[in-house]
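Please keep the sequence and the coordinates at hand while reading.

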Amino acid sequence: MEALPTNPAAVRELIAELEREKSEDKLGTYKPYAKQKAFHEAGATYRERLLIAANQSGKTFAGGCEVAYHATGKYPNWWKGRRFDKATAGWACGETNEVVRDAAQRILIGRPGAQGTGTIPKADILETVSARGTPDLLDSIKVRHIDGGVSIIGIKSYQRGREAFQGESLDYCWCDEEPDAAVYSEILTRTNINAGPVLITFTPLKGMSEVVRRFLIEKSPDRSVTSMTLDDVDHYSEEEKKNLLRAIPRMSARPVRRVFLPSAVVASFRLPKKA
Ligand SMILES: Nc1ncnc2c1ncn2[C@@H]1O[C@H](COP(=O)(O)OP(=O)(O)O)[C@@H](O)[C@H]1O
Ligand SMILES: [Mg+2]
């Protein structure tokens, strides 16, 4: 067996190497919290899924891990969610070009300049195709699938409007924050052929849209809702949680009314004005 280094410089180098390996294979080390796991598992039974969770609790990370599993086929042993056994085509969506770049895209492939430190293992990123108009925004990511095929993840922003969501057939779609009803209905059409999963990761502080209301109020055997609070996650100290919660009222500029959700959560919704 190779002896471990003892001189400090070599030890530091070894630690840096191990850290790099870990950051370049986040998927292999993802240990979902119970609520994240429940959200993934619901994919086996429900076509449309909503994860309502507090800011910074791990919504985008959970969505990004699920997308990376569908793209690589490297489902872990604990996976009980929806499963594809061939290369897939899917979308990762967000509100604006900048937001989708800084949230969903960053979680999938890492920050610009640190490509390969997201949820898609560095070794499986075959190609990234740049989008036009917004610096560092990608149009799509090509990913090696374990069956030998190539998966594609398109990066989309709702800002581009319903037309940008027309055309392709998809295996799945991930919405990091919910789209408006017109875009959402387009996304359901795109994923219709095999009743492909549509997952939405959502922060309630932003208010309740028509799409979210559909999940919360119009119950359907197609739709599931999982809610997660900061008490469901382990990556913050009690002090950090207090600070995050203290930040919430400052984020609500307009008056809010409380909505009580089953086993939820997170502060308050801003209810839309009655028509
Ligand atoms: N299961 C988990 N284990 C460890 N850390 C996690 C887990 N889920 C999320 N995190 C960490 O929580 C932080 C916030 O996650 P993120 O998904 O960006 O939050 P948000 O809910 O605001 O989208 C990230 O640094 C992420 O690494
Ligand atoms: Mg997020």
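The model is predicted, with a mean pLDDT of 87 for the protein, and 87% of its residues reach 70 or more. Residues 250-275 form a stretch in which the pLDDT is below 50, although this stretch has 35 contacts in the model beyond near neighbours in sequence. Where pLDDT is low, the predicted coordinates should not be read in detail.

**Strand β6 and its partners**

Strand β6 spans residues 172-176, and five of its five residues are buried, so the strand is largely enclosed by the rest of the structure. Tyr172, Trp174 and Asp176 point one way from the strand, while Cys173 and Cys175 point the other way. Strand β2 (residues 89-94) pairs with β6 in the parallel sense over four bridges; here glycine 90 stands opposite tyrosine 172 of β6. Strand β7 also runs parallel to β6, and four bridges join the two. In that pairing, valine 198 of β7 is the bridge partner of cysteine 173.

Which residues are in contact with cysteine 173, leaving aside its neighbours within four places in sequence? They are Gly90, Trp91, Cys93, Ile187, Arg190, Thr191 and Val198. Cysteine 173 also belongs to the largest nonpolar core, which has 51 residues; Ala92, Leu108, Cys173 and Trp174 touch the most other members of that core.

**Two loop residues**

Arginine 111 is found in the loop between α5 (97-109) and β3 (125-130). Because 13 C-beta neighbours lie inside 10 Å of arginine 111, this residue counts as partly exposed. Asparagine 192 occupies the loop between α6 (181-190) and β7 (198-202). With 12 other C-beta atoms within 10 Å, asparagine 192 is exposed.

| Residue pair | Separation in sequence | C-alpha to C-alpha distance |
|---|---|---|
| Arginine 111 and arginine 101 | 10 residues | 8.9 Å |
| Asparagine 192 and aspartate 171 | 21 residues | 8.5 Å |

How values were computed. Residues are numbered from 1 along each chain as its sequence is written. Chains are lettered from A and ligands numbered from 1 in the order in which they are written. This is a predicted model: local features need pLDDT of at least 70, side-chain atom pairs count only at pLDDT 80 or more; totals for chains, interfaces and linings use all residues. A residue is buried if 20 or more other C-beta atoms lie within 10 Å of its own, exposed if 12 or fewer, and partly exposed in between; C-beta atoms are placed from the backbone. A nonpolar core is a set of buried Ala, Val, Leu, Ile, Met, Phe, Trp, Tyr and Cys residues joined through C-beta atoms within 7 Å. Two residues are in contact if their C-beta atoms, placed from the backbone, lie within 7 Å. pLDDT is the predictor's confidence in each residue, from 0 to 100. Two strands pair if DSSP finds at least two bridges between them.
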